[in-house]
Amino acid sequence: MNEAPAAGRRVRLCVLGPSGRMGAAVIDAADADPAVVVAAAVDRQGAAVLGSAVAADVIASDDLSHGLAAADVYVDFTMPLATAAVARAAIASRTAAVIGTTGLDAAARAAIDELAAVAPVVVAANFSLGVNLVLGLCRQAARALGPTWDTEIVELHHRAKRDAPSGTAIAMGRAIAAGVGADFDRVHCYARAGEVGARPDGEIGVVAVRGGDVVGEHTAYFFGPHERVEISHRATDRGIFAAGAVRAAAWVVTQPPGRYDMLDVLGLA
Ligand code: NAD
């Protein structure tokens, strides 16, 4: 079992996907944070980055068990298949985890739950402070405005994003549903086309826009009679997610086994 690092020692990270947009940003954020150090970087077999130096004294490798053994915590911004496989592999070493991959399927969620039974794990669809504030505001607004207000969420992301709607948009939808005591899985609407008829009461619409290099924009609309409230967040640099993930990594190694989110890390839970 990996032990929590002794006081004063830097928390050792194993960064997954160093060739990816977020993996590279996590390495940059770790370089800027004296509480942590990148101890290993693991990418998929065949990735062009394998064998290259990605951080001080760190060569990217596809040897996951070596990477996990070298680290106190691994940081995962990859894709759902990889998230499931790595979480299963980390159970034996009880390695702490910070998981930001979105679009997780049932297999990935189950693997994370198994890992969280033996190690502390932070899972968040969005690691930015601002978005986590927005989640709280969405819930508060929905509760205050009530179920007669129509709510819609619009999200914008770069053209390479694989999943839709974004994990953050879904988290906003869940926050709004919680605010009015509704079940998001029953009231969400991800697409409208054709003769869909009038908007049902209580529906939460979510629209995904894709294009260019947009880092991430989310707006929750609350439509009442003769007035409208909008709660928006715009990310202009993915470094905010990476810095949040590094902060989560330094925090999670001090926690007992269990599943945590960014509100726990920020002390807002
Ligand atoms: P990307 O395609 O640029 O990078 C993915 C990386 O994962 C690549 O380097 C790829 O080689 C690597 N990879 C794939 N399989 C692997 C494996 N088995 N082991 C190790 N590495 C593997 O994608 P991205 O834009 O960096 O986004 C990655 C994920 O992070 C997406 O799910 C995205 O939605 C999510 N994301 C989350 C947040 C957040 O705050 N939670 C923010 C931004 C992006």
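Reader: Where is the place of Asp57 in the chain, and between which two strands?

Author: Some ground rules come before the answer. The model is predicted, so local features need pLDDT of at least 70 and side-chain atom pairs count only at pLDDT 80 or more, while totals for chains, interfaces and linings use all residues. Residues are numbered from 1 along each chain as its sequence is written, and side-chain values use heavy atoms, with hydrogens and water left out.

Asp57 sits in the loop between strand 3 (53-55) and strand 4 (58-59). Strands here are DSSP runs of E, at least two residues; helices are H or I runs of at least four; both are numbered from the N terminus. Asp57 is not a glycine, yet its phi is positive, about 60°. Most residues other than glycine have a negative phi.

Now step back into strand 3, which holds Val54. Apart from neighbours within four places in sequence, Val54 is in contact with Pro18, Ile27, Ala41, Val49 and Ala60. Contact means heavy atoms within 4.5 Å.

Pro165 belongs to the loop between strand 8 (150-157) and helix 6 (167-179). Most peptide bonds are trans.

Next, the salt bridges. The rule asks for a side-chain nitrogen of Lys or Arg within 4 Å of a carboxyl oxygen of Asp or Glu. The whole structure has twelve. One of them joins the side chains of Asp72 and Arg12, at 2.9 Å from N to O. Asp72 lies in the loop between helix 2 (64-69) and strand 5 (73-76), and Arg12 in strand 1 (residues 11-16), so the pair ties together parts that are 60 residues apart in sequence.

Then the ligand. It is surrounded by 21 residues, the closest being Ser19, Met22, Asp43, Thr102 and Lys161. The cut-off is a heavy atom within 4 Å. A polar side-chain atom of Lys161 is 2.9 Å from a ligand oxygen. For Arg21, a backbone N or O atom is 2.9 Å from an oxygen of the ligand. A polar backbone atom of Gly17 is 3.5 Å from a ligand nitrogen.

Last, the domains. Domain 1 covers 11-123 + 238-265, and domain 2 covers 129-235. The bounds come from an automatic or database domain assignment. Their C-alpha centres are 28 Å apart. Together the two domains bury about 770 Å², 60% of it on carbon and sulfur atoms. Buried area is the accessible area (1.4 Å probe) lost when two parts are put together, summed over both. Arg21, Thr102 and Arg238 supply 45% of the area that domain 1 buries against domain 2, more than any other three residues.

Nine residues of domain 1 are in contact with ten of domain 2. On the domain 1 side, helix 8 (239-252) and helix 9 (262-266) are the elements that give two or more residues. The residues of that side divide into five nonpolar, two polar and two charged.

Technical notes
Ala, Val, Leu, Ile, Met, Phe, Trp, Tyr, Cys and Pro count as nonpolar, Asp, Glu, Lys and Arg as charged, and the others, Gly among them, as polar. A polar contact is a pair of N or O atoms within 3.5 Å; within protein, one must be able to donate a hydrogen and the other to accept it, and residues adjacent in sequence count only if both atoms are side-chain atoms.
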